[in-house]
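Q: Could you show me how to read a few features of a protein model, one at a time?

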Amino acid sequence: MLDMIPDEKQMTTLVGKSLYELWNQLCTCIDEKYNMERLWDKGGKAWTYEYKYRRGGKTLCALYAKERCIGFMIILGKNERLKFEKDRESYSDEIQRICNFCHQFATKRHIFVDFAINLF
């Protein structure tokens, strides 16, 4: 857990204005649809911050932030993974491509998408 939660200025400086706006849009969408515990933490080796959405002690999704980049991870449990596989063709080609390359565990799948600011 973080000692201090980053404020708007710190996040905007870290990821940039447009990605911080996207971050807020993702958070608003999740907050409007689900009632979950939210937890800020360090982002490990690859990220500066991690912002988890949890229910019943399990992480359901998380946002990640580092310099000029944010990431979004959705964790599909066994039932959600099976439902996705059954309905795979109804999802866009891009979503199917992302899922083809995501990390697959025995009973769950981590779908991770990152967004970066292109400086060039």
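Q: Which residues of helix 4 are buried?

A: A word on the source comes first: this is a predicted model, in which local features need pLDDT of at least 70, side-chain atom pairs count only at pLDDT 80 or more, and totals for chains, interfaces and linings use all residues. Residues are numbered from 1 along each chain as its sequence is written, and side-chain values use heavy atoms, with hydrogens and water left out. Buried means under 20% relative accessible area, exposed over 50%, and partly exposed in between (1.4 Å probe, protein chains only). Helices (H or I, at least four residues) and strands (E, at least two) are DSSP runs, numbered from the N terminus. In helix 4, residues 93-100, the buried residues are Gln96, Ile98 and Cys99. They lie on the same side of helix 4, because they cover an arc of only 160° around the axis, the arc being that of the directions from the helix axis to the C-beta atoms.

Q: What do the buried residues of helix 4 pack against?

A: They pack against helix 3 (78-86) and strand 6 (109-116), where contact means heavy atoms within 4.5 Å.

Q: How many disulfides does the structure hold?

A: A disulfide is a covalent bond between the sulfur atoms of two cysteines. Here the term is used for a pair of cysteine sulfur atoms within 2.5 Å, and the structure holds zero disulfides. Cys69 is in no disulfide, as the nearest cysteine sulfur, that of Cys27, is 15 Å away. For Cys102, the closest cysteine sulfur is in Cys99, at 5.0 Å, which is too far for a bond. Cys69 is buried, with a relative accessible area of 5%, and Cys102 counts as buried at 13% relative accessibility.
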